[in-house]
Amino acid sequence: MMSSFKINSDRLWDSLMEMAKIGATAKGGCKRLALTDLDKQGRELYIKWAEEAGCTVSVDQVGNIFCVRPGEDMSLAPVGTGSHLDTQPSGGKFDGVFGVLSGLEVVRSLNDLGIKTKHPIEISVWTNEEGSRFAPAMMGSGVVSGRFSLQEILDSRDVDGLRLGDELQRIGFAGDVPVTGRQFHAFFETHIEQGPYLEAEEKQIGVVTGGQGQRWFNATLTGRESHAGTTPMHLRKDALLASTQLIQKVEDIAKAHPPGCGTVGFVNVRPNSRNTIPGKIEMSIDLRHPLDEELSAMDKELSDFVAELAAQTEVAIELDPFWYYEPIHFDKACVEAVRNATAKLGYSHMDIIAGAGHDACYVSDFAPTGMIFTPCLDGISHNEIESTTQEECEAGCSVLLNAMLTMAEQVSEDSTMLASDLA
């Protein structure tokens, strides 16, 4: 029976804290928007660490980074892990980066232990997972999975009109490795939960069995700008007032389909003047549910309401359903590898559904995939106060190490070092 191992907890934590200095915010979070100079710094630091750990590094055409630790048989598909380094505008220092640096710590620990694997080990840094600068989210993994074409992503622009492909060139991460044909024997992503369930249930590890489906919409409401003091109430076409009714409907739809979620996270008011009735509103709508039939019902209710609201208010409403992915179920063997590793290490655990989108969801289109969740304080994420502990990070990364060893097929152990020697 293969031994179970733990990673070097202090080294993992020190790496997380060092990376957190890049884009550090006043409230203890991070701001490393995709393809900014700060993202470039984070990428370069990670590559430096990966090369020092003996990995070879390549970059593909959409800026994804792949770092490979050789296996005994390099003709075999690698066992992969990874996540992202970009953050929300006021993000935390664990979302995404924990998964990337957990992969690096797996490689470092395998080196310390003298363990060789039959399959290569590969760590991924996926481009623009957050979708906060360039929409939609999960662009890098989405291109590799075929969900998006390379050209449409390279041509996408941020709110300032800057083109993604040009920004890749500017920061030096427009690689030449083709985005097509990538394979994994298995792929795991380690991530803070970004929700309250593990903490509430007092569990150390979430064994992720699948992910919620998501539908993202851009809504544009066009009324008529006019003077706030001279236009009678009954003659107004107030786009902002109509948008408040739409926002409330999003809330109502989500509550009518538990455990669904509905969110309006972005609103742009035009002309945004104190004494002018708003004539145009641009807003985002995010609907999620673990069951596709329920998600489709939520979609229909939203569309029906938009038609009714436009007729009642005489405000034109355009609803653009620009992004969708269906609920997914992770690979049974990968899920079992995570569950077995957790049990061997003696951590408390529970099965859980991923409420957020993750790169692993797109990777599951073309490779057997699993995820590992660890708790975060009060379930808070996408926030500068996002927090977890060194012990919680150690547990998640140790589970990752053992799950990857199961799938990568450990072939030798040159060191007799015990797990306790690494911790």
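Pro259 is placed in the loop between helix H8 (239-255) and strand S10 (261-263); helices (H or I, at least four residues) and strands (E, at least two) are DSSP runs, numbered from the N terminus. A cis peptide bond links Pro258 to Pro259. Another cis bond joins Arg270 and Pro271, and Pro271 sits in the loop between strand S11 (267-270) and strand S12 (276-277).

| Cis peptide bond | Omega |
|---|---|
| Pro258 and Pro259 | about 0° |
| Arg270 and Pro271 | about 5° |

The model is predicted: local features need pLDDT of at least 70, side-chain atom pairs count only at pLDDT 80 or more, and totals for chains, interfaces and linings use all residues. Residues are numbered from 1 along each chain as its sequence is written, and side-chain values use heavy atoms, with hydrogens and water left out.

Positive phi values also occur in loops. Asn128, a residue other than glycine, has phi near 45° and belongs to the loop between strand S5 (121-125) and H4. Asn128 is buried, at a relative accessible area of 2%; buried means under 20% relative accessible area, exposed over 50%, and partly exposed in between (1.4 Å probe, protein chains only). His382, not a glycine either, has a positive phi of about 55°. The loop between strand S17 (369-374) and helix H12 (390-408) holds His382, which is partly exposed at 40% relative accessibility.

Gly146 lies in the loop between helix H4 (139-145) and helix H5 (150-154) and is exposed, with a relative accessible area of 54%. Between Gly146 and Thr180, 34 residues apart in sequence, the C-alpha to C-alpha distance is 8.0 Å.
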